[in-house]
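These are my notebook entries on one structure, set down in the order in which I looked things up.

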Amino acid sequence: MTGREGGADLAPPGPYDPVVILVRPQLAENIGTTARAMANGGLFHLRIVAPRDGWPQERAWYASSGAHRILDAAEVFDTVDDAIADLHRIFATCPRPRHVVKPVMTARGAAAELRAVSDRKLRSGILFGPERAGLDNEDMARADVLIRYPLNPRFMSLNLAQAVLVMAYEWFLTEDTTPERELMTNETHVATKGELENFMSHLIRDLDDSGFLRNEQKRPGMVRNLRHFFTRGEVTEQELRTLHGVVSELTTGRKARS
């Protein structure tokens, strides 16, 4: 229907993953970039309620950066009630205060709740409102939980794809095991204590030979300071080899000049 083939090899991760429901979206490009944001966070199921310009719209596929299969599988509904009829739990993004009494969660809290719902083999959906005004009171009356993002109170404006990306990212993090901090070593490895001690012996020996450590009273403290310097971070084996070369060159170069 779109005249565009290919795109990333995307598929539904699981039948109980949240459904992203766009309520009365206005621009094809925003639907396309929403699909892209969903793919970033491992979401696949997309439903569109009463799109202003109809569906499908070619521009959505062009804007999706390869998230074509999400758009190919998207379902269109006339009303919110139709779009959520087969779901068990409904969450709704709500950027503005409303006169309603409902649980309100951050994106992170909602993602954890969505994961718990999924683990219980229940189906959930997240409502996102039109670009200009967001969801109205009738839309939010269908939701069990409201979601508000803690953003800069002086500027809380998000476009549709950004709003979806925040939720998709938090959803992805609920099962992501990427360490919060790691050292990128590429072709080398973090030096062992033995490798580090071998370098320190080389360095101290040449410093003794050069006379740098000739003050016997200060020598222990100076050596300790050198050890602290090289043990403060995770020195790699490649860096130690480079430093071995530096020390050797300084020593042999000085002798050659003499």
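**Entry 1**

I began with Glu 113 and Arg 89, which form a salt bridge with their closest N and O atoms 3.5 Å apart; by a salt bridge I mean a side-chain nitrogen of Lys or Arg within 4 Å of a carboxyl oxygen of Asp or Glu. Glu 113 lies in helix α5 (residues 107-119) and Arg 89 in strand β4 (residues 89-93), so this pair ties together parts that are 24 residues apart in sequence. Helices (H or I, at least four residues) and strands (E, at least two) are DSSP runs, numbered from the N terminus. I noted that Glu 113 is partly exposed, at 27% relative accessible area, and that Arg 89 is partly exposed too, at 24%. For these words I keep to the cut-offs: buried is under 20% relative accessible area, exposed is over 50%, and partly exposed is in between, with a 1.4 Å probe and protein chains only.

**Entry 1: what kind of model this is**

Before going further I wrote down that this is a predicted model, in which local features need pLDDT of at least 70 and side-chain atom pairs count only at pLDDT 80 or more, while totals for chains, interfaces and linings use all residues. Residues are numbered from 1 along each chain as its sequence is written, and side-chain values use heavy atoms, with hydrogens and water left out.

How many salt bridges does the rule give? The count comes to 16.

I then looked up Arg 108 and Glu 170, whose salt bridge has its closest N and O atoms 3.0 Å apart. This pair links distant parts of the chain, with Arg 108 in helix α5 and Glu 170 in helix α7 (residues 160-173), 62 residues apart. Arg 108 is exposed, with a relative accessible area of 55%, whereas Glu 170 is buried, with 11%.

Next came the side chains of Asp 139 and Arg 24, which meet in a salt bridge at 2.7 Å from N to O. Asp 139 lies in helix α6 (residues 137-140) and Arg 24 in the loop between β1 (19-23) and α1 (28-40), so the pair ties together parts that are 115 residues apart in sequence. Asp 139 counts as buried at 5% relative accessibility, while Arg 24 counts as partly exposed at 30%.

I also recorded a network of salt bridges that links Arg 47, Glu 75, Asp 86 and Arg 123.

**Entry 2: helices against helices**

Two packed helices are described by the angle between their axes and the distance between the axes. The axes here are lines fitted to C-alpha atoms, for helices over the stretch in contact, and the angles run from 0 to 180 degrees between N-to-C directions.

The axes of α5 and α7 come within 8 Å and cross at roughly 55 degrees, and the two helices are therefore oblique to each other. The axes of α1 and α7 also come within 8 Å, but they cross at roughly 15 degrees, so α1 and α7 are roughly parallel. The cut-offs for these words are under 35 degrees for roughly parallel, over 145 for roughly antiparallel, 65 to 115 for roughly perpendicular, and oblique for the rest.

Which hand does the crossing of α5 and α7 have? I found that α5 passes α7 in a right-handed crossing, and that α1 passes α7 in a right-handed crossing as well. A crossing is right-handed if the near helix is turned clockwise from the far one by less than a right angle, and left-handed if anticlockwise.

**Entry 3: backbone details**

The peptide bond from Trp 55 to Pro 56 is cis, with omega near 5 degrees, and Pro 56 is found in the loop between β2 (46-49) and α2 (58-63).

I then returned to Arg 24, whose phi is near 50 degrees, a positive value in a residue other than glycine. Lys 121 is not a glycine either, yet Lys 121 has a positive phi of about 60 degrees. Lys 121 sits in the loop between α5 and β6 (124-128) and is exposed, with a relative accessible area of 55%.

Is Val 117 buried or exposed? Val 117, which has its place in helix α5, is buried, with a relative accessible area of 1%.
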